Every structure is written in C-alpha cells, then in structure tokens.
Amino acid sequence: MIGICQTITVFERADEVGGVWRENYSGFGAQVKRDQYSFVELCRHSGLDTYPTGRQLKAHCDTYVETFGLMPAIRTRTEVKFLQRCPHCWRVVYSETGSSETYTEEFDFVVLAVGNFSEKYVPEIPGSDAFAGSILHSSELQDEKLLRGRHVIVVGFGKSAIDCFALASTEAESVTLIARRPAWILPQRFLGLPLEWLASTRWFAKLVFPPYHNACLLMRLLGYIVLPLQTALWWVLAPLVWCHFLLPWSMWPAYGLRWQLWHGHSVSICNASKIKAVFRSVKTHCIRGHISEMKSGSVLVQDSIQKQEKEISADVVVFATGYREAWSKLFDVKAAALLDPRKDGPDLYKLILPTGDITNLAFLGRVLSTCDIVTSFVQAEWLAGLLAGKFEYPSLQVRERFSAKYRAWRLRFAPTATSTFLATPSVHSYFDELLSDLHSKTLVDRHPPAWKFRLLHQFLPLRASNFAKLRQQRGAKKPSLVALRSESGTSDVSQV
Ligand SMILES: Cc1cc2nc3c(=O)[nH]c(=O)nc-3n(C[C@H](O)[C@H](O)[C@H](O)COP(=O)(O)OP(=O)(O)OC[C@H]3O[C@@H](n4cnc5c(N)ncnc54)[C@H](O)[C@@H]3O)c2cc1C
Ligand SMILES: NC(=O)c1ccc[n+]([C@@H]2O[C@H](COP(=O)([O-])OP(=O)(O)OC[C@H]3O[C@@H](n4cnc5c(N)ncnc54)[C@H](OP(=O)(O)O)[C@@H]3O)[C@@H](O)[C@H]2O)c1
C-alpha cells in the first residue's frame with residue numbers, strides 16, 4: 001500500500017518481523033514447496049530449500065523488509081491492545097510489549113493481519129499443577145535436547161504433533177502420541193507424483209470438489225450431477241492415501257478424507273517413509289484417547305479403543321494442541337458481534353472486508369490455503385486496488401448479499417467449517433474472483449494464444465511466480481488517495 005496511502009504504520013508486538021517463522025519447535029518449516037510458499041516478488045531468487053525451513057523463511061521475511069525499505073514503517077515491540085471505532089477513524093490503543101502504559105493514535109483505515117497461530121492453546125487438565133516434569137506447548141520445544149533420555153508424551157494429531165512425535169522419537173527414551181481424533185496425513189508424493197500436481201491444480205479441484213460459490217448455473221448443475229461420482233472417487237482416494245503411511249489401526253482417522261479437507265481441518269503434509277518409520281520404532285506408542293488427569297510423574301489416559309484407563313510415566317508433556325484466534329479481543333463486544341454475528345469467525349466480503357456496518361477495516365491472512373503467503377499477497381493487491389480506487393468500495397447491501405451467498409454455499413458443503421474456510425484446491429477460484437475486480441489475470445494473458453494456456457493452466461500447480469505480473473502492473477500505477485465512504489459519512493484514507 002506504499003504509494004497509495006499517505007502514511008503507513010505497522011504495529012508488531014515482537015522484537016522482529018517474521019510472524020510464525022520467528023520461532024517454533026526444533027526443525028519446523030513449511031510443509032509445501034518454496035514455489036508455493038515464498039514472497040511473489042522474491043520467489044525467483046529466494047535462496048530457499050525445496051521445503052523451506054523456518055529459519056530460512058524468517059530470513060526471507062527480513063530480506064523482503066530490507067528490499068522494499070519497509071523498516072521505517074514498522075514499530076516493533078508495540079502491541080495493539082484495542083481498536084475503537086470513531087465516527088471518521090479508528091482509534092488504536094497500543095503499548096510497548098509487556099508494559100501496562102498505553103498510548104492512543106487515530107488512523108483512517110486498519111488492516112488486521114494478526115495471524116491465526118499467534119496465541120498458543122494448552123488445555124487445562126486436572127492435576128497439571130502437581131506434575132513434576134515439564135509441560136510445553138509444541139512451539140516451545142525449541143531444543144530437542146530437552147527430551148534426551150526422557151519419557152515424553154505428545155498430545156494432538158495436527159502437523160505440529162506429528163513433527164514433535166518424530167522429533168521425540170530420535171531423542172527420548174520413549175514417546176507416546178495421544179490423539180483424541182486422529183486425522184488424515186497427506187504424503188508429499190502421492191502415487192509417485194508430487195502432491196501439488198494434484199492438490200494445487202484447477203482440474204483436481206473440479207474433479208473432486210463442488211463448484212465455487214460464484215460458478216455459473218451450468219457449472220453448478222454439473223456439480224450436482226457429478227456429486228455421486230466424486231463421492232466414489234473419494235472412497236478410492238482415501239485408502240490410497242492411508243497406504244502411504246500404514247499407521248496402527250488405532251490411528252485410523254476420525255473423519256472421512258473429503259470431510260476433513262472440505263471442512264477446513266488443518267492439513268498435515270509429511271514425508272511418508274519418515275513418518276512410517278517413526279510409528280514403527282520400538283520407542284514410539286500411540287493411543288486414541290485423551291488425558292483425564294496429570295499426576296506427579298505420570299498421566300492418566302482414557303483409551304477410547306480399549307475402553308480403559310491407562311497410567312503412563314511422563315517427564316515431558318508436549319501439547320501440540322494448536323492455537324486460538326487473536327483478533328476478537330481487540331474489539332468491544334458490540335463491534336465483535338457485528339464482525340462475527342454467528343460466532344463462527346469474522347463474516348467477510350471476499351474474505352477480506354467486514355460484511356456488517358463496519359467500514360475502513362480489512363482482515364488479511366484469515367484464509368488458510370497451505371500457500372498462505374501467496375494468498376495474503378493476492379488479498380493485499382486487491383486491497384491496494386480498492387484503496388487506489390480501481391473499483392468501488394462495496395456498499396453494505398453488496399457486502400451483505402455476498403455474505404448470504406457465500407454462507408449458503410459454505411453451509412451446503414462444509415457446515416462445520418469456519419466463516420473464512422477455503423479448501424486448498426478452491427484457492428484458484430478465490431484468486432480469480434479477486435483478480436477479476438482488479439481486471440487482471442495471471443498466466444493466461446501472458447502467453448498468447450490464450451486457449452492453449454488456459455488448458456495448460458488447468459494442470460499446472462499454483463506457484464508464487466504466476467502472480468509476478470500483478471506486482472509489475474501495480475508498480476506502474478501513480479500513487480493516489482481515495483475517499484472511502486462509511487455507511488454514515490465519509491473519511492479520507494491518509495494513514496493505514
Ligand atoms: C509451524 C507452522 C508451520 C506452518 N506452515 C505453513 C505452510 O507450510 N504453508 C502455509 O500456507 N501456512 C503455514 N503455516 C501457517 C502460517 O501461520 C501462515 O502461512 C503465515 O505465517 C501467516 O502469516 P501472517 O503474517 O498472516 O501471520 P503470522 O505469521 O502469525 O504473523 C502475525 C503477526 O502479528 C503479530 N501480532 C499478533 N497480535 C498482535 C497485536 N495485538 N499487536 C501487534 N502485533 C500482533 C504477531 O506477533 C505476528 O508477528 C504454518 C504455521 C505454523 C505455526
Ligand atoms: N508446515 C508445517 O510443517 C507446519 C507445522 C506445524 C503447523 N503447521 C500449520 O499450523 C497450523 C496449526 O497446526 P498445529 O498442529 O499446531 O495445530 P492444529 O492443526 O490445530 O492441531 C491441533 C491438534 O490438537 C488437538 N487438540 C486440540 N485441543 C485439544 C484438547 N483439548 N485435548 C486434546 N487434543 C486437542 C486437535 O484435535 P481435534 O481435531 O480433536 O480438535 C488437533 O489434533 C495448521 O494450519 C498447520 O497446518 C504447519
């Protein structure tokens with residue numbers, strides 16, 4: 001948004017930029033390849049490994065900030081405490097991180113990009129105060145030496161849990177994975193083919209998922225006709241995925257594969273032979289169940305397969321139990337209710353702008369797509385286009401109409417998913433939707449004759465480099481300021 005807004009201030013509560021890539025468990029990194037997880041502007045010479053490590057991605061963020069001279073706009077060690085709506089602006093209440101003294105500044109537009117994984121979640125378990133060993137959240141397992149020669153328990157079945165389980169299997173005396181609802185793990189290569197050639201392509205999305213909410217009537221009808229065929233296909237795909245890992249039967253997933261992917265559960269993509277070896281190691285055990293109580297040197301586990309209680313010795317318990325959302329506490333009750341009327345996540349126009357009577361606020365990065373860095377880039381370009389006046393600020397009616405349509409579509413196919421849910425292969429359709437507002441295309445209009453590339457486009461996995469053109473187009477545009485209309489009045493964008 002540099003060049004569009006008069007001034008931009010970025011509040012970051014940590015000492016440095018990098019978000020989740022600043023620190024996490026030992027050996028953490030991206031589960032998708034660098035082609036899909038790197039900054040669009042730097043993707044051609046990113047210096048990242050094929051599967052980038054967390055450290056490399058942190059350096060990648062630093063390089064980005066340096067390349068575009070962003071540091072003067074960023075206030076590190078500054079935590080936003082509260083966002084208050086005023087008639088013509090947003091009042092931002094912030095403090096130095098860790099301090100109770102607060103300051104206030106006014107801004108015309110606020111972009112919320114607080115991430116989905118910045119508030120750790122550890123469940124409260126009876127007896128945890130009496131536990132003599134260490135209790136860690138997965139993100140705190142930064143030194144595997146902590147586990148050396150210990151009896152370790154890992155709780156959860158997300159990507160963090162699988163990785164911490166694998167890490168512990170190399171260091172600990174014994175490690176037990178306790179999962180209340182095991183989930184599907186996807187292999188990096190499926191039937192010998194890199195996973196992205198299936199999961200990140202348009203043709204696969206059309207083959208196995210219902211049409212996107214904005215599909216034409218014909219496509220929607222076709223979607224209903226092929227639904228039984230799709231169901232049959234998922235029945236074939238699921239055992240094939242399972243065969244890559246051959247985990248113990250107690251870890252058979254709690255949901256169907258389509259249900260898990262389509263309902264927005266997080267996806268773990270792993271090296272199949274490595275994970276197979278971890279589960280087969282004599283040091284590792286797994287239990288389907290949950291911890292009901294912690295004692296001084298052990299935990300009580302309710303095994304839901306054997307229907308019995310087990311006591312397991314433990315020196316270290318790693319809770320890989322995920323994260324909580326971080327945005328709602330920044331608003332008062334009334335604004336939070338307007339933003340999240342159904343308590344299933346913020347209701348957002350094009351998954352960016354609030355659909356209720358709240359303007360000059362945008363959410364970036366709420367959508368999870370496994371190529372989040374590219375998704376946030378396309379969203380930011382859309383937002384920059386909006387602020388530069390490339391298209392009109394959608395009225396309350398337009399936003400509400402979108403909300404009703406998107407919600408109806410989501411509830412039909414993914415009733416338990418959160419409001420900003422998007423199945424990974426559908427991300428193409430989402431990008432098309434945003435790019436059509438910008439009157440912009442990616443690969444298709446770069447390589448005439450278009451029809452051949454339109455066809456090729458169906459089979460190519462999504463890549464960050466596809467979007468380089470979008471950035472070039474923006475680079476040529478003159479800086480401009482727009483007046484954004486709130487439902488009650490107007491306010492000029494001078495600061496973001
Ligand atoms: C271990 C791990 C691996 C992942 N791997 C992948 C992957 O392979 N592919 C993928 O697509 N996604 C992956 N993700 C998801 C990842 O979170 C996103 O891809 C990406 O980090 C989102 O960036 P973001 O800037 O939106 O959020 P974040 O990286 O979470 O950054 C949010 C920033 O906001 C700051 N902040 C929060 N609240 C405040 C406040 N009140 N005031 C000031 N600052 C605040 C935080 O300090 C943080 O720096 C992974 C996540 C984790 C935890
Ligand atoms: N690229 C990578 O290598 C990588 C690494 C780590 C994380 N990530 C991403 O980061 C995000 C977070 O991943 P994550 O693995 O940390 O968290 P997650 O995907 O949210 O998984 C949390 C796990 O903890 C379980 N859980 C939650 N509350 C529990 C409770 N009270 N008792 C017992 N179990 C509980 C959940 O089980 P239920 O299903 O039963 O709720 C789930 O299995 C995901 O999007 C993931 O893809 C990526």
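Q: How many bridges join strand β10 to strand β15, and do they run parallel or antiparallel?
A: Five bridges, and the two strands run parallel. This is a predicted model, by the way. β10 covers residues 174-179 and β15 covers residues 284-294.

Q: Which residue in β15 does Thr-176 stand opposite?
A: His-285.

Q: What about β15 and β16, parallel or antiparallel?
A: Antiparallel, again with five bridges. β16 takes in residues 298-303. The two form a hairpin, with three residues between them.

Q: Which residue in β16 is the bridge partner of Gly-289?
A: Asp-303 in β16.

Q: Now β4 and β5. In what sense do they pair?
A: In the antiparallel sense, over six bridges. β4 is residues 90-96, and β5 is residues 102-107. Trp-90 has Phe-107 in β5 as its bridge partner.

Q: How many residues lie between β4 and β5 in the hairpin?
A: Five. One residue in that turn, Gly-98, has a positive phi of about 90°.

Q: Zooming out, how many helices and strands are in the chain?
A: 14 helices and 24 strands.

Q: What are the spans of the C-alpha trace along its principal axes?
A: About 65 × 60 × 45 Å. The radius of gyration is 24 Å. A compact globule of 496 residues would come out near 23 Å, so the chain agrees with that rule.

Q: What share of the chain is buried?
A: Buried residues are 35% of the 496. As for contacts, take the pairs at least 6 apart in sequence: 67% of them join residues at least 24 apart.

Q: Which domains does the assignment give?
A: Domain 1 is 10-118 + 325-491, and domain 2 is 119-323. Their centres, taken over C-alpha atoms, are 27 Å apart.

Q: How many residues does each domain put into the contact?
A: Domain 1 puts in 37 residues and domain 2 puts in 34.

Q: Which helices supply the domain 1 side?
A: α11 (396-413), α12 (427-437) and α13 (450-459) each supply at least two residues there. α11 gives the most, with four.

Q: And how does that side divide into nonpolar, polar and charged?
A: The side of domain 1 that touches domain 2 has 17 nonpolar, 16 polar and four charged residues.

Q: On to the ligands. Why does ligand 2 lie between the domains?
A: Because domain 1 and domain 2 both give residues to the shell around ligand 2.

Q: Which residues come nearest to ligand 2?
A: Gln-31, Gly-156, Gly-158, Ser-160 and Gly-322, out of 25 residues around ligand 2.

Q: Which helix gives the most to that shell around ligand 2?
A: α2, residues 159-171, with four residues. By class, the shell around ligand 2 divides into eleven nonpolar, ten polar and four charged.

Q: Now ligand 1. How many residues surround ligand 1, and which are the closest?
A: 26 residues surround ligand 1. The closest are Gly-19, Ala-30, Gly-115, Gly-365 and Asp-372.

Q: Which elements supply at least two residues each to the shell around ligand 1?
A: β3 (78-85) and α10 (372-387). α10 gives the most to the shell around ligand 1, with three residues.

Q: What classes of residue does the shell around ligand 1 have?
A: It has 14 nonpolar, eight polar and four charged residues.

Conventions
Residues numbered from 1 in each chain as written. Chains lettered and ligands numbered in written order. Predicted model: local features only at pLDDT ≥ 70, side-chain atom pairs only at ≥ 80, totals over all residues. Pairing = 2+ DSSP bridges. Near = placed C-beta within 6 Å. Nonpolar A, V, L, I, M, F, W, Y, C, P; charged D, E, K, R; others polar. Domains from an automatic or database assignment. Rg over C-alpha atoms; globule rule 2.2 N^0.38 Å. Buried ≥ 20, exposed ≤ 12 C-beta atoms within 10 Å, placed from the backbone. Contact = placed C-beta atoms within 7 Å.
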